[in-house]
Amino acid sequence: MAYNDFIVQRNSFAMELSVRDGFYLTSVYPSDKDAYLEHLNDRSISDAIPFLPYPYTESEADWWIQHRLKILSEQGKEISFVLRNPEGYLIGSVGIDTLRIGEAHRAEVGYWLASNYRGQGLISSALNVFIQHAFDSLEVSRLTAHTLDFNAASARILEKNKFSLEGCLRQHTRTRNGIFDTLIWGLLKSDW
């Protein structure tokens, strides 16, 4: 999808969800490329997301932005949001990478946050807003999440948002830094 096509379609699909204190969730914009390059080249982010390439290149950022815009265009509803600071700069993400709305009853949620915004409860608040959106608008009745066993901060975010620890896949995930246990989390709409 070309940038001009996005501007036209953005008007019909645009959604802005308030998180708190001027922070908000939106769809990705073509102008977010520099923010992706800045944040996703932070090893603390890429080390916790096994499939994220490091270093993160311009071509990967271009592909990701076009991929997200294509999914939005096809679905007509946002399934993966970016978190913006009050100035509108992308500082994180929360959402579902793949979901065919109306075809699946469950989806896996993921999130990340720029390091200089951590410790303020922002991603927990953003996840809370996203969960409400998912249960109200995306026709899912179950959300799952996976965390690497060393990522206690991510586990706390899920616990704060009523996710239950459902199991552990031992020695399940290979990253650049080794093989780790993967914790499985779940949240039912009826528990929300």
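What follows takes the pocket and the cavity, then the salt bridges, then the rings.

A couple of ground rules to begin with. This is a predicted model, so to speak of a local feature takes pLDDT of at least 70 and a side-chain atom pair counts only at pLDDT 80 or more, while totals for chains, interfaces and linings use all residues. Residues are numbered from 1 along each chain as its sequence is written, and side-chain values use heavy atoms, with hydrogens and water left out.

Let's start with the holes. Rolling a probe the size of a water molecule over the atoms shows where empty space is left. Here that is done on a 1 Å grid over the protein atoms alone: a cavity is a set of points where a 1.4 Å probe fits but cannot get out, a pocket is an open set with protein on both sides within 12 Å along at least five of seven lines, and a lining residue has an atom within 4 Å of a point. Points are joined across faces, edges and corners, and the volume is the space filled by probe spheres set on them.

The largest pocket comes out at about 1300 Å³. Its lining runs to 49 residues, and those nearest the centre are Ala-48, Ile-49, Gly-110, Tyr-111 and Trp-112. Elements giving two or more residues to this lining are α3 (43-46), α4, β4 (90-96), β5 (106-113), α5 (122-137), β6, α6 and β7 (164-175). Helices (H or I, at least four residues) and strands (E, at least two) are DSSP runs here, numbered from the N terminus. Which strand gives the largest share of the pocket lining? That's β5, with six residues. By class, the pocket lining splits into 26 nonpolar, 17 polar and six charged residues, where Ala, Val, Leu, Ile, Met, Phe, Trp, Tyr, Cys and Pro are nonpolar, Asp, Glu, Lys and Arg are charged, and the others, Gly among them, are polar.

Around it sit Tyr-36, Trp-64, Arg-68, Ser-80, Phe-81, Val-82 and Ser-93.

On to the charges. A salt bridge here is a side-chain nitrogen of Lys or Arg within 4 Å of a carboxyl oxygen of Asp or Glu, and the count comes to eight. Take Arg-84 and Asp-32, whose closest N and O atoms are 2.6 Å apart. This pair links distant parts of the chain, 52 residues apart: Arg-84 is in strand β3, and Asp-32 is in the loop between β2 (23-26) and α2 (33-39). Buried or exposed? Both Arg-84 and Asp-32 are buried, on a scale where buried means under 20% relative accessible area, exposed over 50% and partly exposed in between (1.4 Å probe, protein chains only).

Glu-166 and Arg-142 also form a salt bridge, with closest N and O atoms 2.6 Å apart. Glu-166 lies in strand β7 and Arg-142 in strand β6, so this pair ties together parts 24 residues apart in sequence. Glu-166 is partly exposed, at 43%. Within helix α4, Glu-74 bridges to Lys-70 at 3.7 Å between the closest N and O atoms; being four residues apart, they are separated by about one helical turn. Lys-33, Glu-58 and Asp-62, meanwhile, are linked in a network of salt bridges.

Last, the rings. Rings of Phe, Tyr and Trp (its six-membered ring) pair if their centres lie within 6.5 Å, with planes under 30 degrees apart called stacked, over 60 edge-to-face and the rest tilted. There are six aromatic pairs by this rule. Trp-63 and Trp-64 have ring centres 6.1 Å apart and planes at 45°, so they are tilted. Trp-63 is exposed, at 53% relative accessibility. Phe-150 is partly exposed at 43%, whereas Phe-180 is buried at 18%.
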